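Dear colleague,

I am handing over the structure below, together with some notes on what was found in it. Please keep it open while you read, so that each element can be located as it comes up.

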Amino acid sequence: MVRDMVRDFVDEEVIPKIEHACRDGVFPDEWRVALGEMGVLGAPLKGYDCPGLSYTAYGVICRELERGDSGLRSFASVQGSLAMYPIWDFGSEEQKQHYLPKMASGEWIGCFGLTEPDYGSNPGDMITKAEDMGDHYLLNGAKMWITNGTVAQLAVVWAKLDGVIRGFIVEKDDPGFSAPEMKGKHSLKASVTSELVFQDCKIPKDRILPGVKGLRGPFSCLNNARYGISWGAVGAAQACFDSAKEYSLSRIQFTHPIASYQLVQNKLAWMLREITKAQLLAYHLGQKKDAGTWIPEHISLAKMNNVDIALEIAREARDIHGANGILDEYCIMRHMANLESVKTYEGTHDIHNLILGRHITGIQAFTREL
Amino acid sequence: MHFQTPRVRSLIFIDGIPVEGTSKGNHMTIAVLLKQVPDTTAKISVNGGRVDENAVSKWSFSPYDEYALEAALQLKESAGGEIVAITAGPARCEKLLRDAAAVGADTLVHVSAENINDLDSTQVQKLLAAAVQKSGASVIFCGKQAADTNAGSTGPGVAELIGASCVTLVSEVSSDGGGYTATRPSSTGHEKVTASAPCVFAFDKGVSEMRRPNVRGIMMAKKKPIETWSLGDLGVDIEANGVNIDSHSPPAEKPPGQKFEGAESVSTVVSKLRDEANVI
């Protein structure tokens, strides 16, 4: 029933408007309202007016949202996994009571500040720092590639306090904080991407997340977001497959539908095969998440594989669509361009390979130092 | 086609039994009659002269029933009371009831009828009328017609069987605590029709689309019990079909169109579109 609810929303409210939203470079506010009303934000979190669904159900929601657009799923991922989750897991009781109900309803949008202009795959070397000024903290630094940044009422920002990475809740009106939007994207055009700038940004002492120190904090959030991506990519792939199937059945060349030719059928069969495998992978991972038997490497494998095949499926689908595949009349190029971002964010494809490589060999290959 | 449609008392307004308290806090039970039909976007396969139900990819509310349900939810919100969602059909219909519960229906009633497609309109009306009476509802909302059969007889038929007023083609219903006011089209625009319980309102396109469910509603709906009533429970005796289809004929075939090819035919096509079809 949850799947049908989200699927109907995407069919009725998102797909008819997505190309317009992309052209305008906006995330329609009514989608924020609808996601809040449906009660899917922070889907697997329990209490504090959060939905309390299973991780498998959360995954299905991500799949359905990304069948519409990766920007839509990104909005939900950032809100739920990257902004609500750290407050839910590492926040004080007062922080949970104050922020989570407003975020679950969509009234407040959150964002997540980890990546910096010079530190993406190695966030441990981040520059952004916090200083304890006695009665407040002072933040200085900059974050980049932040989904929802400009439209968010709060940011969960990771900064070094005395050399240790800590989480801080920054509200949009805090002095010294600004979030200019990044323009000129060819990907995730219906999603707001921003910089977060902290210039002597003064925040109250009760905004630090008390429950976590070090990279475990942001990585815990990323694990949940990456899990959602492993499902979301399946949705994007399904959209491309559906379009390719319909197009190939209606496109006549050499007096027959191109779907009747073996080369096209081979492509469609391969797409279906990979979608099915990816979905089984995501589903199995969802079961492990719900049972608490997962490890981060499971998530790396699923995120990496599923985004990879979704991108390949988008390319094959574009091929089947011929020249028409480049038009925004079809969803193909939009998904393909989106997936290029999805392949890189939340741990690049290569970094996930290195995570698996370390797991297999016991040797880390992220840095030159062994 | 020969229909033995029951006598419909009125399509405009007949006073019924005085309504028993419709103000907030008093108990008003609204029965909403719902039919599950193949979704309008679902592909239909015909097998043996019938729709192959196993091949229907998606079942949905009949669209006019959605307007009835939404209007009932709004009436409950403004005037209080309880909503009983009633459907008749095979086991697959339970999904429909859960969907109704997810948006706010309080009680779910499934009139079990595996052979629903073998029953005619009057037999279905009997089932539904008995279920309405067993539910204790005094106000009944339904769609003006179902999207699959388009018979349009359920509302008036149930009203006749339970001795209720019936207002059809309704877009909106409100309650002032002493009766119900329905908005429906008239020859000059819209008219307000008042009725008191027991009454049936058969909905045309309403003023509000059915609301979207939310996760909380869905979780509650999954736990909500469904009361399943058999013909025996309802004490209904379904006699032989009261509807006899004497003959059936497809619509007349359209005359063949004209085909033009090549740039040299443009002027001919334009003149035909302008002078014969009058579309340009």
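To follow the first point, you need to know that a helix axis is here a line fitted to C-alpha atoms over the stretch in contact, and that angles run from 0 to 180 degrees between N-to-C directions. Please also bear in mind that this is a predicted model.

In chain A, the axes of helix α1 (residues 2–14) and helix α3 (residues 29–38) come within 12 Å and cross at roughly 160 degrees. Since angles over 145 degrees count as roughly antiparallel, α1(A) and α3(A) are therefore roughly antiparallel to each other. The crossing in which α1(A) passes α3(A) is right-handed. On the side of α1(A), the contact is made by M5(A), V6(A), F9(A), E13(A) and V14(A), while α3(A) brings W31(A), A34(A) and M38(A). Sorted by class, the contact of α1(A) with α3(A) has seven nonpolar residues, one charged residue and no polar ones.

Turning to chain B, there is an open sheet of seven strands in the order β9-β13-β8-β1-β6-β7-β14, with parallel pairing. Its edge strands are β9 and β14 (226–229) of chain B, each of which pairs on one side only, and neighbouring strands of this sheet are turned by 20 degrees against each other on average, direction ignored. Within it, strand β8 (residues 139–143) of chain B runs parallel to β13(B) and is joined to it by five bridges, and F141(B) stands opposite F201(B) in β13(B).

Two helices lie across strands of chain B. Helix α1 (residues 63–79) of chain B lies across β1 (29–34), β6 (82–89), β8 and β13 of chain B and runs at about 145 degrees to β8(B), whereas α2(B) lies across β1, β6, β7 (107–112) and β14 of chain B and runs at about 165 degrees to β7(B).

Chain B also has an open sheet of three strands, in the order β10-β11-β12, with antiparallel pairing. Here the edge strands are β10 (172–175) and β12 (189–195) of chain B, each pairing on one side only, and neighbouring strands are turned by 25 degrees against each other on average, direction ignored. Four bridges link β10(B) in the antiparallel sense to strand β11 (residues 180–186) of chain B, where T183(B) is the bridge partner of E172(B).

Some backbone details deserve a careful look. Most residues other than glycine have a negative phi, and most peptide bonds are trans. In L188(A), however, phi is near 45 degrees, a positive value; this residue is found in the loop between β6 (177–178) and β7 (193–204) of chain A. Is L188(A) buried or exposed? With 25 C-beta neighbours inside 10 Å, L188(A) counts as buried, because the cut-off for that class is 20 or more. L169(B), in strand β9 (residues 165–170) of chain B, has a positive phi near 55 degrees, and with 19 other C-beta atoms within 10 Å L169(B) is partly exposed. A cis peptide bond, with omega about 0 degrees, joins A197(B) and P198(B), and P198(B) lies in the loop between β12 and β13 (199–203) of chain B.

Lastly, the contact between the chains takes ten residues from chain A and eight residues from chain B. On the side of chain B that touches chain A, α2 (94–103) and α5 (215–223) of chain B each supply at least two residues, and α5(B) gives the most, with three. By class, that side has four nonpolar, one polar and three charged residues.

With best wishes

Notes: Residues are numbered from 1 along each chain as its sequence is written. Chains are lettered from A and ligands numbered from 1 in the order in which they are written. This is a predicted model: local features need pLDDT of at least 70, side-chain atom pairs count only at pLDDT 80 or more; totals for chains, interfaces and linings use all residues. Two residues are in contact if their C-beta atoms, placed from the backbone, lie within 7 Å. Ala, Val, Leu, Ile, Met, Phe, Trp, Tyr, Cys and Pro count as nonpolar, Asp, Glu, Lys and Arg as charged, and the others, Gly among them, as polar. Two strands pair if DSSP finds at least two bridges between them. Angles under 35 degrees count as roughly parallel, over 145 as roughly antiparallel, 65 to 115 as roughly perpendicular and the rest as oblique. A crossing is left-handed if the near helix is turned anticlockwise from the far one by less than a right angle, and right-handed if clockwise. A residue is buried if 20 or more other C-beta atoms lie within 10 Å of its own, exposed if 12 or fewer, and partly exposed in between; C-beta atoms are placed from the backbone.
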